[in-house]
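Here's a quick tour of one model, with a few spots picked out. Have the viewer open as you read.

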Amino acid sequence: MWKKSELREAPAPLEGPVVGTITGGTIIWFVLFLGQLPFYGWFADHGLTRWVWTCLAGGGLGLLGIWYVRKRDAAIKRDAAAKAAAAPS
């Protein structure tokens, strides 16, 4: 068992280029979808069409992710600006 004296506070979460990361991942999903489209017949013959549609779903969910992280980033910046303006000089 851990002793109370051995417990440490959790570190702060890392903030990085979240919008760019999500955008890059979304582009990759759409490229994979477009790359598989010419082979759709082969996928259908082998019962693997879910691979094609998984890539499309990944791209679609990525678009939602881009929207979300852009809104989140804007809210974080607005909050920081409001705190800076309210701080006594």
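Is Leu34 buried or exposed? Leu34 is exposed, at a relative accessible area of 54% (exposed means over 50%, buried under 20%, partly exposed in between, with a 1.4 Å probe and protein chains only).

## Ground rules

This is a predicted model, so local features need pLDDT of at least 70 and side-chain atom pairs count only at pLDDT 80 or more, while totals for chains, interfaces and linings use all residues. Residues are numbered from 1 along each chain as its sequence is written, and side-chain values use heavy atoms, leaving out hydrogens and water.

## Inside helix α1

Leu34 sits in helix α1, residues 18–36 (helices are DSSP runs of H or I, at least four residues, numbered from the N terminus). Thr26 is also found in helix α1, but Thr26 is buried, at 4% relative accessibility.

Beyond its neighbours within four places in sequence, Thr26 is in contact (heavy atoms within 4.5 Å) with Gly59, Gly62, Leu63 and Ile66. A polar atom of the Thr26 side chain lies 3.3 Å from the backbone oxygen of Gly62.

## Salt bridges

The whole structure has 3 salt bridges (a side-chain nitrogen of Lys or Arg within 4 Å of a carboxyl oxygen of Asp or Glu). Arg72 pairs with Glu15, closest N and O atoms 3.1 Å apart. That pair links distant parts of the chain, 57 residues apart: Arg72 is in helix α3 (residues 49–86) and Glu15 in the segment before α1.

Lys77 and Asp73 also meet in a salt bridge, at 3.4 Å from N to O. These two are separated by about one helical turn, because Lys77 and Asp73 are 4 residues apart in helix α3.

Methods. Polar contact = N/O pair within 3.5 Å; in protein donor to acceptor, adjacent residues only side chain to side chain.
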